[in-house]
Amino acid sequence: MIDFYTFGTPNGRKVSIALEEMGLDYETRSIDITKDEQFDPAFLAISPNNKIPAIFDRETGVSMMESGAILYYLATKTGDFLPNDAHHHWQAIEWLNWQMGGFGPMLGQAHHFLHFNPGKSDYAEQRFGQETRRLYGVLDRQLSDREYVAGTYSIADMAIWPWVSRYEFQKVDLTEFPKVLRWYQAIAARPAVIAGYSVPSASDIPMPTSA
Ligand SMILES: N[C@@H](CCC(=O)N[C@@H](CS)C(=O)NCC(=O)O)C(=O)O
């Protein structure tokens, strides 16, 4: 049994999708970051950086923050969703880290300046809007000759996909990135993804109207 600390955000959904895909038993503990529950000392003992997601694995006694590390832990624990051959294994790790170091942090800034605080800074809107589009272009190219970012569906896709699901916040028209759109729709149809998207509370997966 895994205690899963989360909220309805892309970083949280990476892990709920992985838990569902891997068929692991988990209990959800909602941490409402709009009410500062992430600063509760009991939560800080598990997640010292005061951010969701975090897990405590009752079987092993491991507690862990950082969604990329958690995905790697869960894939290693189950032996699922990390390709076995070295080339694709390391490609999955590479794209997982691309998400953790670039796609997530940059799109997070785009959410702040383009969606939550528009009109505050032209410079920031341009900078993060352009970087968001550049990153979508990189992902579109990676998906041009393979179904998933590392060949087969892996934890790298689980890390990237929830950020794409916020395309409306990022003012991105997914039809401009046809390979990303095809990949997004395929993953959105997976029952484990639909279930994981509704953790900790019921949520519909956004779908582009032209799709
Ligand atoms: N690098 C971290 C980022 C986690 C993160 O930014 N979590 C946000 C929600 S998506 C959070 O908990 N924010 C609360 C805060 O900053 O106080 C990860 O991937 O787990």
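Where is aspartate 36 found? Aspartate 36 sits in the loop between strand 2 (26-30) and helix 2, and its phi is near 65 degrees, a positive value in a residue other than glycine. Helices (H or I, at least four residues) and strands (E, at least two) are DSSP runs, numbered from the N terminus.

This is a predicted model, where local features need pLDDT of at least 70 and side-chain atom pairs count only at pLDDT 80 or more, while totals for chains, interfaces and linings use all residues. Residues are numbered from 1 along each chain as its sequence is written, and side-chain values use heavy atoms, with hydrogens and water left out.

**Around the ligand**
- The ligand is surrounded by 13 residues (a heavy atom within 4 Å), and the closest are Gln38, Lys51, Ile52, Glu66 and Ser67.
- A polar side-chain atom of glutamine 38 lies 2.8 Å from a ligand oxygen, and a side-chain N or O atom of lysine 51 is 2.6 Å from an oxygen atom of the ligand.
- Isoleucine 52 uses its backbone: a polar atom there is 2.9 Å from a ligand nitrogen.

**Cis peptide bonds**
- Isoleucine 52 is also joined to proline 53 by a cis peptide bond, with omega about 5 degrees; proline 53 is in the loop between helix 2 (41-44) and strand 3 (54-57).
- Another cis peptide bond joins valine 199 and proline 200, with omega about 5 degrees, and proline 200 is in the segment after helix 8 (191-197).

Definitions and conventions
A polar contact is a pair of N or O atoms within 3.5 Å; within protein, one must be able to donate a hydrogen and the other to accept it, and residues adjacent in sequence count only if both atoms are side-chain atoms.
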